[in-house]
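Dear colleague,

Please find below the structure that I am handing over to you.

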Amino acid sequence: MNDTTRPGIEYFPGGRPGSPFSRAVRVGDVLYLSGQIGNRPDGSKPDDLAGQTRQTMENIKAELATFGLGMDAIFKCTVMLADMDRWREFNAVYLEYFAPDRLPGRSAFGAAKLVGGALTEVECLAYMPG
C-alpha cells in the first residue's frame with residue numbers, strides 16, 4: 001500500500017471523551033455514521049419530537065459536512081422512535097432533508113428507551129467514494 005491509497009477501513013473517533021464508539025467508520029466507499037440524537041451543541045435538546053427530529057437531522061448534516069458530504073450521499077437510514085404512534089410527526093420533519101427523488105432506504109423500530117431520554121435516534125449509511 002502506498003501513501004495515496006486509503007486503508008480499507010478507517011475509524012473516526014469523536015464525540016465525548018471516553019465514548020465507547022467511533023462517530024463514523026468508513027469501509028470501502030461506505031461511511032457508517034453512528035446514531036445521532038437531537039442534542040444541541042450545548043448538550044440540551046428540544047422537548048418535543050419535531051424539535052428533536054430537526055436537531056437530529058441537523059446533527060447528521062453537520063457530521064456529513066465534516067467529510068465533505070451532503071444529505072444526498074445518504075442511501076440508508078435506521079430510525080428509532082420512543083413512540084411509534086408519532087411516526088407521521090417524525091416523517092413531517094425527516095422529509096424536509098431529502099429530495100423527493102432521492103429518499104434513502106429506511107428501517108424503523110420502536111425503542112422502549114433511548115439514550116438520554118431522546119425521543120428519536122437516526123443512524124445513516126452514506127456513499128463516500130475514494
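**Strand pairing and strand β2**

Cys77 stands opposite Arg106 in β5. From β4 the chain passes through helix α2 (residues 87-94) to β5, and this β-α-β crossover is right-handed. Please note that the model is a predicted one.

Strand β5 covers residues 105-110, and its pairing with β4 is parallel, over six bridges. Strand β4 also pairs with strand β6 (residues 120-127); here the two run antiparallel and are joined by seven bridges. Within that pairing, Lys76 is placed opposite Leu125 of β6. Strand β4 itself spans residues 74-81 and is mostly covered, with six of its eight residues buried.

The second topic is strand β2, which comprises residues 24-27. Arg26 is buried, at a relative accessible area of 2%, whereas Val27 is partly exposed, at 36%.

The side chain of Arg26 makes contacts with backbone oxygens. A polar atom of this side chain lies 2.3 Å from the backbone oxygen of Pro7, and the side chain of Arg26 also reaches the backbone oxygen of Gly28, at 2.5 Å.

Val27, for its part, contributes to a nonpolar surface patch of about 400 Å², together with Ile9, Tyr11 and Tyr32.

With kind regards

Conventions: Residues are numbered from 1 along each chain as its sequence is written. This is a predicted model: local features need pLDDT of at least 70, side-chain atom pairs count only at pLDDT 80 or more; totals for chains, interfaces and linings use all residues. Side-chain values use heavy atoms; hydrogens and water are left out. Patches are made of residues with over 30% relative accessible area and no salt bridge: like charges are joined within 9 Å, nonpolar side chains (Val, Leu, Ile, Met, Phe, Trp, Tyr) within 5 Å. Accessible areas come from the Shrake-Rupley method with a 1.4 Å probe; for residues, only the protein chains shown count as cover. A salt bridge is a side-chain nitrogen of Lys or Arg within 4 Å of a carboxyl oxygen of Asp or Glu. Helices (H or I, at least four residues) and strands (E, at least two) are DSSP runs, numbered from the N terminus. Buried means under 20% relative accessible area, exposed over 50%, partly exposed in between (1.4 Å probe, protein chains only). Two strands pair if DSSP finds at least two bridges between them. A crossover is right-handed if, with the strands pointing away from the viewer, the path from the first strand over the helix to the second runs clockwise. A polar contact is a pair of N or O atoms within 3.5 Å; within protein, one must be able to donate a hydrogen and the other to accept it, and residues adjacent in sequence count only if both atoms are side-chain atoms.
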